[in-house]
Amino acid sequence: MKVLNTEELNRKFQEKIDNDIKIEPNDWMPDAYRQTLIRQISQHAHSEVVGMLPEGNWITRAPNLRRKAVLLAKVQDEAGHGLYLYSATETLGADREDTIDDLHSGKAKYSSIFNYPTLSWADMGAIGWLVDGAAIMNQVPLCRCSYGPYARAIVRVCKEESFHQRQGFEIMMKLANGTPEQKDMAQDALNRFWWPALMMFGPSDDDSPNSQQSMKWKIKRFSNDDLRQQFVDATVAQAALIGLTIPDLDLKFDKKSGHYIFGEINWNEFYEVVKGNGPCNKERIDARRKAKENGLWVREAAMAFSAKRAIKKSA
Amino acid sequence: MTKKDWPLWEIFIRSKQGLNHKHVGSLRAADAEMAVENARDVYTRRSEGISIWVIESNNIHASDSSDADMLFEPSNTKVYRHPTFYDVPDGISHM
């Protein structure tokens, strides 16, 4: 085996990336690439898992059996997505339990959108339509991410998620065409989730220092602002179609660029929520911590049971 | 709290009769039987498969990726391994 120095290894690595050759778990990679991926993929995993909480809040109160079955299937998908992504971090040498403990200690972040409360059934519609819609827009380019296991996990996530946005829009459409009270519910949910959904794309490009390196490594393919614009352009027409109003007085179509111009995002709010001061940050982490602690006996019992089963088998 | 991670399992799914099992990902489970049950729930909720293999990740032995150039050198000098190397006279068919 020829021994290469770090400089040569780095050059060969970047050459592979430039030629769209995927990086696989046992390949040499710069430590910063590995750490960036562990951070990003684990944050993504945490978002899937914490994301179950705001929707889980409404499973027992879904308006009918069909809606309940749909919501259950969606939340079950999110659990699976969390698993695919935690598995991807493990291929990079991250320890599963450490990763989860980092979430619980507040060291690791997750999408700030899940720190907002779900106050009415219409929020299930707004989340599916806007939050999953924004997530899909973020995730589709990740299917081509340079790290093989992440890209493959995301392909699966996107495939499963395609119904999530549609079921949300369906809820909104139904409410928007319902009684005046139902329409108000839908509008209120849109009012509360619109701006946090725009924040899901992350800070503006000028304030996103890691973006450039991630683009060079092809972890990221489009800038935060480009994706946000794409989301606004797609969503405005959808809202109009069901007779709901985007809560932005500055919103207008710019004929010259072919894009919607939208109002200033309240970045102060964004950073406050990221820092832990959103309406539900504490509740979310408490719920996750409790789930881990209360599930401990199950994990131990499963190990004890498998040991017992092994003895029986060998007898 | 002490660490008691379940072992890691690699999951392979046969999508339909006649095709081979293909690696789809991994998961943790206390033993092989529970790994199969979990794999069923995680990887086959939408008719993705009809058969599951699980293998504990520790039991997978792989080639060294840094040896890949040497191991999988395309052997371009050994063109005689391919049928196009050989002349077949006109009039010969089914060969």
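Buried area is the accessible area, taken with a 1.4 Å probe, that two parts lose on being put together, summed over both. By that definition, chain A and chain B bury about 2400 Å² between them, with 48% of it on carbon and sulfur atoms. The model is predicted, so local features need pLDDT of at least 70 and side-chain atom pairs count only at pLDDT 80 or more, while totals for chains, interfaces and linings use all residues. Residues are numbered from 1 along each chain as its sequence is written, chains are lettered from A and ligands numbered from 1 in the order in which they are written, and side-chain values use heavy atoms, leaving out hydrogens and water.

Contact here means heavy atoms within 4.5 Å. Between the two chains, 28 residues of chain A and 26 residues of chain B take part. Nine salt bridges are counted between chain A and chain B, a salt bridge being a side-chain nitrogen of Lys or Arg within 4 Å of a carboxyl oxygen of Asp or Glu. One of the salt bridges in the model joins Lys12(A) to Asp69(B), at 3.6 Å from N to O.

Over all chains the structure holds 31 salt bridges. Lys74(A) and Asp132(A) form one at 3.0 Å, N to O. Lys74(A) lies in helix α4 (residues 65-90) of chain A and Asp132(A) in helix α6 of chain A, so this pair ties together parts that are 58 residues apart in sequence. Helices are DSSP runs (H or I, at least four residues), numbered from the N terminus.

Helix α6 (residues 122-139) of chain A also packs against helix α8 (residues 180-199) of chain A, at an angle of about 30° and with the axes 8 Å apart. Axes are lines fitted to C-alpha atoms over the stretch in contact, and angles run from 0 to 180 degrees between N-to-C directions. Angles under 35 degrees count as roughly parallel, and α6(A) and α8(A) are therefore roughly parallel to each other. The residues of their contact divide into 14 nonpolar, no polar and two charged. Ala, Val, Leu, Ile, Met, Phe, Trp, Tyr, Cys and Pro count as nonpolar, Asp, Glu, Lys and Arg as charged, and the others, Gly among them, as polar.

The axes of α6(A) and helix α10 (residues 224-241) of chain A come within 10 Å and cross at roughly 140°. Residues of α6(A) in this contact include Gly133(A) and Met137(A), and those of α10(A) include Phe231(A) and Gln238(A). By class, the contact has eight nonpolar, five polar and no charged residues.

How values were computed: Helix = DSSP H or I, 4+ residues; strand = E, 2+ residues; numbered from the N terminus. Parallel < 35°, antiparallel > 145°, perpendicular 65-115°, else oblique.
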